[in-house]
Amino acid sequence: MSAPLVIRAGASTDRGLRRESNEDALVVTATMCAVADGMGGHEAGEVASALCVRTLGASPLFQLEDFRSFEVLEPEPPRDIARFRATVERELRLDPEIPDDAIEAVRRVRSVLWQADQHIQQAVEGRAGTTVTGVWLHRIDGRMLWIVFNTGDSRTYRLAAPGVDPGDGGPTLEQLTVDHSEVQYLVSIGQLTSAQALVHPRRNVITRALGTGQVWEPDVWVLPARHGDRLMLCSDGLTNELSPAHMARVLASVPHPKEAADVLLQAALRTGGRDNVTVIVADAVRPGEYAPGF
């Protein structure tokens, strides 16, 4: 049985050097954190991202010890989405490290995101939308798990070796999420390289978002959580400015999550700051553990 863990996180956000307003939003609790990147004119993007993180932060799901008491409110999905979900759930059942009840937890995360989608649609009537990437740290059947969710092109990463330089090229970042964007699709079918995608003129066109009235379906992953895990969640204003190697070096060398988030944000601004920048650094720690240098 895994010892209980909670999130100790630090976050930073800035409108950047070229934008008039900040359409990013974030939420951090002891068990869940998320970044949302709004899109839409006349401040509607700010409304969309704010409603998204407000819905997540207020949801009882992330405060319950037994998630099964949370009612799933989402209606039956279209047939193609139902087939997609069935495939995801089948893959989860085949993973020996993932308990079967994690599938029910995934369904409830989707339900909360559906509620966020509905709240945004009601508020802005399809004039705006938002990406969202987030993590929920929860104990299921005696095992601590990360439930990672993503819609759009904001990202969640995991530091491969928290706080340690292995001496074989330095620390590395594992991207846990997959962008829902036109260029990522072209990369996946071999028509673009990752380097070409970084400068492609349609690199900012996303294919899934909350609140637009179009496809919002999130990807959801379930991963074993371990003491000392360090995750980073961010909007594309960070990843468009900094290389994975640079981000990994900061995350591995700056112990405190708030300081690490600040260093990353300032580096993105120095590099150009062409977009809003938001970053959360989240460590998995034992309750009450705040030892300096962790």
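**Exercises on packing in a predicted model**

At 9% relative accessibility, Ala225 counts as buried (under 20% relative accessible area; exposed is over 50%, partly exposed in between; 1.4 Å probe, protein chains only). This is a predicted model: local features need pLDDT of at least 70, side-chain atom pairs count only at pLDDT 80 or more, and totals for chains, interfaces and linings use all residues. Residues are numbered from 1 along each chain as its sequence is written, and side-chain values use heavy atoms, with hydrogens and water left out.

**Exercise 1.** Find where Ala225 lies and what it is in contact with.

*Solution.* 
- Start with the place: Ala225 is in the loop between β8 (219-224) and β9 (230-234). Strands (E, at least two residues) and helices (H or I, at least four) are DSSP runs, numbered from the N terminus.
- Next, set aside neighbours within four places in sequence. Ala225 then has Leu5, Leu137, Met144, Leu145 and Trp146 in contact (heavy atoms within 4.5 Å).

**Exercise 2.** Classify the pair formed by the rings of Phe62 and Trp136.

*Solution.* 
- Recall the rule: rings of Phe, Tyr and Trp (its six-membered ring) pair if their centres lie within 6.5 Å; planes under 30 degrees apart are stacked, over 60 edge-to-face, the rest tilted.
- The count by this rule is one aromatic pair.
- The centres are 5.3 Å apart and the planes stand at 85°, so the pair of Phe62 and Trp136 is edge-to-face.
- The pair links distant parts of the chain: Phe62 is in the loop between α1 (44-58) and α2 (79-94), and Trp136 is in strand β4 (residues 129-140), 74 residues apart.
- Check burial: Phe62 is buried at 6% relative accessible area, and Trp136 is buried at 0%.

**Exercise 3.** Describe how α1 packs against α3, then how α2 does.

*Solution.* 
- Axes are lines fitted to C-alpha atoms, for helices over the stretch in contact; angles run from 0 to 180 degrees between N-to-C directions.
- The axes of α1 and α3 (residues 102-124) come within 9 Å and cross at roughly 145°.
- The residues of this contact divide into 12 nonpolar, three polar and no charged. Ala, Val, Leu, Ile, Met, Phe, Trp, Tyr, Cys and Pro count as nonpolar, Asp, Glu, Lys and Arg as charged, and the others, Gly among them, as polar.
- Now α2 and α3: the angle is about 145°, with the axes 10 Å apart.
- The contact of α2 with α3 has four nonpolar, no polar and five charged residues.
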